[in-house]
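Please look at the model below with its ligand in view.

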Amino acid sequence: LQAKVLAGHHVLVTAGPTFEPIDPVRGLTNHSSGKMGFALARAAREAGAEVTLVAGPVHLRTPRGVRRVDVQTAQQMLQAVLAHVEQATVFVAAAAVADWRPARAAERKLKKDGGGPPPALAFVENPDILATVAALPRARRGELYCVGFAAESHDLLRHARAKRARKGVPLLVGNIGPATFGRDDNALLLVDEREAVELPPAPKIVLARQLVGEIARRLGHV
Ligand code: C5P
């Protein structure tokens, strides 16, 4: 039985990939399964928090007691996050948000008959949801604790430290090891202003509970 270390808190979590349309039947996405974000939502709920989960397109069941908002694109994810962030005291960005989206989605399906060249896609940058939230006055004042994730192929500690500074968040969590996408277990590297702590390989729900404990400790609740 876990203590209700986040009682009185409202935790807002993003999870899963985004889907950026190219035309009505096609789009760009990635292999994020959403499992880590959903596990975090579940663990935060178990710890007594009110939880809102903003999810990209994933095939996962909503954890019990969690309010879920489904979105497709990064822009929709940002809007959903901004619509719920006022009440939040903790924001965890676990989603794998597309860095770029097609500059415009075609209104009609792009057709290959006609023999012309393949379509040229132009891209524009998506908003950085985590950096946007971390720059909000409530986050700057320390009333909204922001946690980011990093998936890197090498030099995790260096990249995690740099990303923590770039995003302006107090806690950055690196996924240790390759290809965590879709798997049921993982290992994490927690980087804050003081230290780097490793959570050894375990099922994502176990790591999520540990991470919730680490967040509660940093909020001064444990
Ligand atoms: O910059 P990078 O994508 O590596 O940063 C990863 C972290 O930033 C994750 O916490 C991810 O959820 C968040 N992020 C975001 N919006 C983006 C890109 C990343 O919230 N457009």
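By class, the shell around the ligand holds 7 nonpolar, 1 polar and 3 charged residues, where Ala, Val, Leu, Ile, Met, Phe, Trp, Tyr, Cys and Pro count as nonpolar, Asp, Glu, Lys and Arg as charged, and the others, Gly among them, as polar. The residues of this shell are Ala93, Ala95, Val97, Pro127, Asp128, Ile129, Leu130, Gly148, Phe149, Lys163 and Lys167, a residue being near a molecule if one of its heavy atoms lies within 4 Å of it. This is a predicted model, in which local features need pLDDT of at least 70 and side-chain atom pairs count only at pLDDT 80 or more, while totals for chains, interfaces and linings use all residues. Residues are numbered from 1 along each chain as its sequence is written, and side-chain values use heavy atoms, with hydrogens and water left out.

An oxygen atom of the ligand is 2.6 Å from a polar backbone atom of Ala95, and a backbone N or O atom of Leu130 lies 2.8 Å from an oxygen atom of the ligand. From the side chain of Lys163, an N or O atom is 2.3 Å from an oxygen atom of the ligand. The protein covers 86% of the 450 Å² of accessible area that the ligand has on its own, as computed by the Shrake-Rupley method with a 1.4 Å probe.

Where does the ligand sit? The ligand sits in the largest pocket, in the sense that more than half of its atoms lie within 2 Å of the pocket's grid points. A pocket is here an open set of points, on a 1 Å grid over the protein atoms alone, with protein on both sides within 12 Å along at least five of seven lines, and lining residues have an atom within 4 Å of a point; a cavity is a set of points where a 1.4 Å probe fits but cannot get out. About 890 Å³ of space lies in the largest pocket, and of its 36 lining residues the closest to its centre are Ala95, Ala96, Val97, Phe149 and Ala151. The lining divides into 16 nonpolar, 12 polar and 8 charged residues, and α1 (35–46), β6 (90–93), α3, β9 and α5 each supply at least two residues to it; helices (H or I, at least four residues) and strands (E, at least two) are DSSP runs, numbered from the N terminus.

The second largest pocket has a volume of about 250 Å³, a volume being the space filled by probe spheres set on the grid points. Among its lining residues are Lys35, Phe38, Ala39 and Arg42, and α1 gives the most to this lining, with 4 residues. By class, the lining has 5 nonpolar, no polar and 5 charged residues.

The largest cavity has a volume of about 50 Å³. Leu6, Val11, Val13, Leu40, Ala44, Val90, Val92, Val212 and Ile215 line the largest cavity, with β1 (10–15), α1, β6 and α6 as the elements that give two or more residues to the lining. These lining residues divide into 9 nonpolar, no polar and no charged.

Methods:
Polar contact = N/O pair within 3.5 Å; in protein donor to acceptor, adjacent residues only side chain to side chain.
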